[in-house]
Amino acid sequence: MSKLIDMHFHLDFYANHQQVYNRINQMEQHTLCVTNQPEIFESCIELYKPTKYVQFGVGFHPQNAGRLGFGKASFLRSLSYTKYVGEVGLDFSKEYVCHKDKQIEIFDYVCQVSRDKIMSIHCRMAEEDVYSILKKNRNKKTIMHWYTGNERWMERFVELGCFFSINSNMIRSNNGKQIISQIPINRIFVESDGPFTKVLGRKYTIEKLSAIYEELAHVKGITGVEILKKQVTQNYLSLIKD
């Protein structure tokens, strides 16, 4: 049987993070723990040893661009300790678009220095700029996290080589279902985005990861969760092969 993979999870947002870390390893669920600042990444790897099942990504969340300085030295240091970058990207929604130029400056730099890394990317109302920056910097191991854009841009990201990580909140929205139905199965990952999502009407806990796979298999018309698990595993192997 294939193991479950969670391609976007926020361990540091759990008050009981030690218990959650231990439980993920016990359950043998491959989990990418993203961070929103490089300094947080450094704290995480001091506290927790990366394991077969728990890996950490160094990130800078675009919503932080207007209120926190980007620790460039910390980010560069951190790159030598991980093959994952996230959460990074652009957010041009109403509350954050005023810091658009700063976001673009930081994201462009991150992409320049992360060409060989697996990237989990936040993109909200910023599809054109995210696409342009990824294309310019030739980032090839990219995963669009909780994609909320339209089908036209989804197709362009697919052409660029991007993957998409799907969570339960996406599956419950009409736009999300429409987008999910059009994403090629060989470009799909599953994410929880815990603790910021709900599964079956209740706040996400790591025991609910299998339920997201069940929901996604239903939406994609896949008969059997094990088939989806095998496909996601194959997608991961495809992502890391180069």
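The following paragraphs lead the reader through a predicted protein model, from its overall form to single residues. Because the model is predicted, local features are considered at a pLDDT of at least 70 and side-chain atom pairs at pLDDT 80 or more, while totals for chains, interfaces and linings use all residues. Residues are numbered from 1 along each chain as its sequence is written, and side-chain values use heavy atoms, with hydrogens and water left out.

The protein contains 10 helices and 10 strands; helices (H or I, at least four residues) and strands (E, at least two) are DSSP runs, numbered from the N terminus. Its radius of gyration is 17 Å, close to the 18 Å that the globule rule gives for 242 residues, so the protein is as compact as a globular protein of that length. This radius is taken over C-alpha atoms, and the globule rule is 2.2 Å times the number of residues to the power 0.38. Along the principal axes, the C-alpha atoms fill a box of roughly 45 × 40 × 35 Å.

Of the 242 residues, 54% are buried. A residue is called buried under 20% relative accessible area, exposed over 50%, and partly exposed in between (1.4 Å probe, protein chains only). The protein exposes about 11,100 Å², of which carbon and sulfur atoms supply 49%; accessible areas come from the Shrake-Rupley method with a 1.4 Å probe, and for residues only the protein chains shown count as cover. Contact means heavy atoms within 4.5 Å. Among contacts with a separation of 6 or more, 69% join residues 24 or more positions apart.

Thr31 lies in strand E2 (residues 30-33) and has a relative accessibility of 6%, so it counts as buried. Beyond its neighbours within four places in sequence, Thr31 is in contact with Asp6, Phe9, Ile24, Tyr53, Val54 and Gln55. Thr142 belongs to strand E6 (residues 142-145) and is buried, with a relative accessible area of 1%. Leaving aside neighbours within four places, Thr142 is in contact with Met119, Ile121, Leu134, Cys162, Phe163 and Leu239.

The aromatic rings come next. A pair of aromatic rings is described by the distance of the centres and the angle of the planes. Rings of Phe, Tyr and Trp (its six-membered ring) pair if their centres lie within 6.5 Å; planes under 30 degrees apart count as stacked, over 60 as edge-to-face and the rest as tilted. By this rule there are 13 aromatic pairs. In one of them, the ring centres of Phe9 and Tyr204 are 6.4 Å apart and the planes stand at 70°, so the pair is edge-to-face. This pair links distant parts of the chain: Phe9 is in strand E1 (residues 5-9), whereas Tyr204 is in the loop between strand E10 (202-203) and helix H9 (209-219), 195 residues apart. Phe9 is buried at 0% relative accessibility, and Tyr204 is buried at 1%.

Phe60 and Phe70 form an edge-to-face pair, with 5.2 Å between the centres and 70° between the planes. Both Phe60 and Phe70 lie in the loop between strand E3 (54-56) and helix H3 (72-79), so the pair ties together parts that are 10 residues apart in sequence. Phe60 is buried with a relative accessible area of 4%, and Phe70 counts as buried at 18%.

Finally, the backbone deserves attention. Most residues other than glycine have a negative phi, and most peptide bonds are trans. A cis peptide bond joins Gly86 and Glu87, with omega about 15°, and Glu87 lies in strand E4 (residues 84-91). Another cis peptide bond joins Gly194 and Pro195, with omega about 5°; Pro195 is in the loop between strand E8 (188-190) and strand E9 (198-199). Asp193 is also found in the loop between E8 and E9, and its phi is near 50°, a positive value in a residue other than glycine. With 4% relative accessibility, Asp193 counts as buried. Glu28, in the loop between helix H1 (17-27) and E2, has a positive phi near 60°. At 30% relative accessibility, Glu28 counts as partly exposed.
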